[in-house]
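Keep the picture open as you go.

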Amino acid sequence: MKTPETSDRAAFFLCEAEARLKPLSPFVTTSIQAASHGTIVLDEIIASPMRQGHGSAAMRILTDLADETQLVMVLEIEDDDGHLDGLPSAQELVDFYQRFGFEEYGMSSRIRMRRKPTAKA
């Protein structure tokens, strides 16, 4: 069986993510795009209300899909000096994403995180 091209896997990821996240749409908003070299950029994920498990459910969907398609996911978190309007701090977000296999990398004015896909079973 031929392995699909990276661009085909990225297009599949975007289409499938939209379909799989649809049941969460009343609670979760996402902005996701495909970048070059098998990378999916998670620009935004907002769960409302917070701390109800909706963001975690969305992240499980996205990371499972990244594993299925063998695509790397990246994101950036704006570094902050604390809480703003009840939103999670940068450190709380780092901790949240680390639970899903993301690791910090690179130097930037923002916190950059990357998650490599786990091997196919």
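The paragraphs below go from helices to salt bridges, then to rings and a strand.

First, some ground rules. This is a predicted model, in which local features need pLDDT of at least 70 and side-chain atom pairs count only at pLDDT 80 or more, while totals for chains, interfaces and linings use all residues. Residues are numbered from 1 along each chain as its sequence is written, and side-chain values use heavy atoms, with hydrogens and water left out.

Start with helix α1. Helices (H or I, at least four residues) and strands (E, at least two) are DSSP runs, numbered from the N terminus. Helix α1 covers residues 6-21, which is 16 residues. From its first C-alpha to its last, α1 reaches 22 Å. That is close to the 22 Å expected at 1.5 Å a residue. The expected span is 1.5 Å times one less than the number of residues.

Which residues of α1 are buried? They are R9, A10, F13, A17 and L21. Buried means under 20% relative accessible area, exposed means over 50%, and partly exposed is in between (1.4 Å probe, protein chains only). Seen down the axis of α1, the buried residues fall within an arc of 100°, so they line one face of the helix. The arc is that of the directions from the helix axis to the C-beta atoms. An α-helix has 3.6 residues a turn, so residues three or four places apart point the same way. On the other side of α1, S7, C15 and E18 are exposed.

What do the buried residues of α1 pack against? They pack against β1 (28-35), β2 (39-47) and α2. Contact means heavy atoms within 4.5 Å.

Move on to helix α2. It spans residues 54-69, and H54 lies in it. H54 counts as buried because its relative accessibility is 17%. Leave aside its neighbours within four places in sequence, and H54 is in contact with L24, F27, V28, A47 and P49.

Now look for charges. The structure holds six salt bridges. A salt bridge is a side-chain nitrogen of Lys or Arg within 4 Å of a carboxyl oxygen of Asp or Glu. One of them joins R20 and E68, with the closest N and O atoms 2.9 Å apart. This pair links distant parts of the chain: R20 is in helix α1, E68 is in helix α2, and they are 48 residues apart. R20 is partly exposed, at 27% relative accessible area. E68 is partly exposed too, at 43%. E16 joins in: E16, R20 and E68 are linked in a network of salt bridges.

A further salt bridge pairs E92 with R51, where the closest N and O atoms are 3.6 Å apart. E92 sits in helix α3 (residues 90-98), and R51 sits in the loop between β2 and α2, 41 residues apart. E92 is partly exposed at 30% relative accessibility, whereas R51 is exposed at 60%.

Next, find E76 and R112. They form a salt bridge, and their closest N and O atoms are 3.8 Å apart. E76 lies in strand β3 (residues 72-78) and R112 in strand β5 (residues 110-115), so the pair ties together parts that are 36 residues apart in sequence.

Turn to the rings. A pair of aromatic rings is described by the distance of the centres and the angle of the planes. Rings of Phe, Tyr and Trp (its six-membered ring) pair if their centres lie within 6.5 Å; planes under 30 degrees apart count as stacked, over 60 as edge-to-face and the rest as tilted. The structure holds three aromatic pairs. Among them, F96 and Y97 are edge-to-face, at 5.2 Å centre to centre and 75° between the planes. Y97 and F102 are also edge-to-face, at 5.7 Å and 65°. Y97 and F102 are both buried. Ring pairs link F96, Y97, F100 and F102 into a cluster.

End in strand β3, where V72 is found. V72 and R115 are 43 residues apart along the chain, yet their C-alpha atoms are separated by 5.7 Å. Leaving aside neighbours within four places in sequence, the contacts of V72 include G38, T39, I40 and R115.
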